[in-house]
Amino acid sequence: MKWVYVDTEKEAVDLYIFNHAARGDVVVTQDVGLASMLVSRGVHVISPRGKVYKEEEMANALYHRYFHAKLRRQGVYPKGMKQFSDQDRRRFRQNFEKILSKLTGK
């Protein structure tokens with residue numbers, strides 16, 4: 001196992017991942033902005049809840065992120081994320097296994 005320490009700046013981890021992830025790598029993140037940059041480079045991106053990010057869906061996902069940020073700036077706070085569930089765990093496992101199977105050629 002290799003540990004990497006990055007600066008404490010807000011986007012330091014994202015920048016490290018972006019600069020070191022290569023085509024065919026797998027990244028787990030719920031950051032839509034980072035996911036958008038990675039999928040365009042051929043990186044497989046999955047959220048902790050099992051959502052597999054696809055390049056053709058990223059424009060819509062980025063718009064939703066922008067829209068919700070705009071609402072928060074206006075003082076409107078919609079419901080937060082639902083509690084992490086067993087269904088989320090199963091979805092993550094299934095989709096993660098699919099990605100790994102595709103990468104190993106099975």
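Ser 36 sits in helix H2. The model is predicted.

**Ser 36**

Ser 36 has a relative accessible area of 18%. Buried means under 20%, so Ser 36 counts as buried. Which residues does Ser 36 contact, leaving aside its neighbours within four places in sequence? The partners are Met 58 and Leu 62.

**Helix H2**

H2 runs over residues 32–39. Is this helix mostly covered or mostly open? H2 is mostly covered, with seven of its eight residues buried. Those buried residues are Val 32, Gly 33, Leu 34, Ala 35, Ser 36, Leu 38 and Val 39. Several elements supply the cover. Helix H1 and helix H3 contribute to it, and strands S1, S2 and S3 are also included.

| Element | Residues |
|---|---|
| Helix H1 | residues 12–20 |
| Strand S1 | residues 26–28 |
| Strand S2 | residues 44–46 |
| Strand S3 | residues 52–53 |
| Helix H3 | residues 58–73 |

**H1 against H2**

Two packed helices are described by the angle between their axes and the distance between the axes. For H1 and H2, the axes come within 10 Å and cross at roughly 10°. Angles under 35 degrees count as roughly parallel, so H1 is roughly parallel to H2. Which residues meet across this pair? From H1 come Asp 14, Ile 17 and Phe 18. From H2 come Leu 34, Met 37 and Leu 38. Of these H2 residues, Leu 34 and Leu 38 are among the buried ones. An α-helix has 3.6 residues a turn, so residues three or four places apart point the same way.

**The whole chain**

The protein chain has four helices and three strands. Along the sequence their order is α-β-α-β-β-α-α. The C-alpha trace spans about 50 × 35 × 25 Å along its principal axes.

How much of the chain is buried? Of the 106 residues, 24% count as buried. The accessible surface comes to about 8300 Å². Carbon and sulfur atoms account for 54% of that surface.

Among contacts with a separation of 6 or more, 38% join residues 24 or more positions apart.

The chain carries 20 positive and 12 negative charges.

Terms used
Residues are numbered from 1 along each chain as its sequence is written. This is a predicted model: local features need pLDDT of at least 70, side-chain atom pairs count only at pLDDT 80 or more; totals for chains, interfaces and linings use all residues. Side-chain values use heavy atoms; hydrogens and water are left out. Helices (H or I, at least four residues) and strands (E, at least two) are DSSP runs, numbered from the N terminus. Buried means under 20% relative accessible area, exposed over 50%, partly exposed in between (1.4 Å probe, protein chains only). Contact means heavy atoms within 4.5 Å. Accessible areas come from the Shrake-Rupley method with a 1.4 Å probe; for residues, only the protein chains shown count as cover. Lys and Arg count as positive and Asp and Glu as negative; His and the chain ends are not counted. The place of a charge is taken as NZ of Lys, CZ of Arg, CG of Asp or CD of Glu. Axes are lines fitted to C-alpha atoms, for helices over the stretch in contact, and angles run from 0 to 180 degrees between N-to-C directions. Angles under 35 degrees count as roughly parallel, over 145 as roughly antiparallel, 65 to 115 as roughly perpendicular and the rest as oblique.
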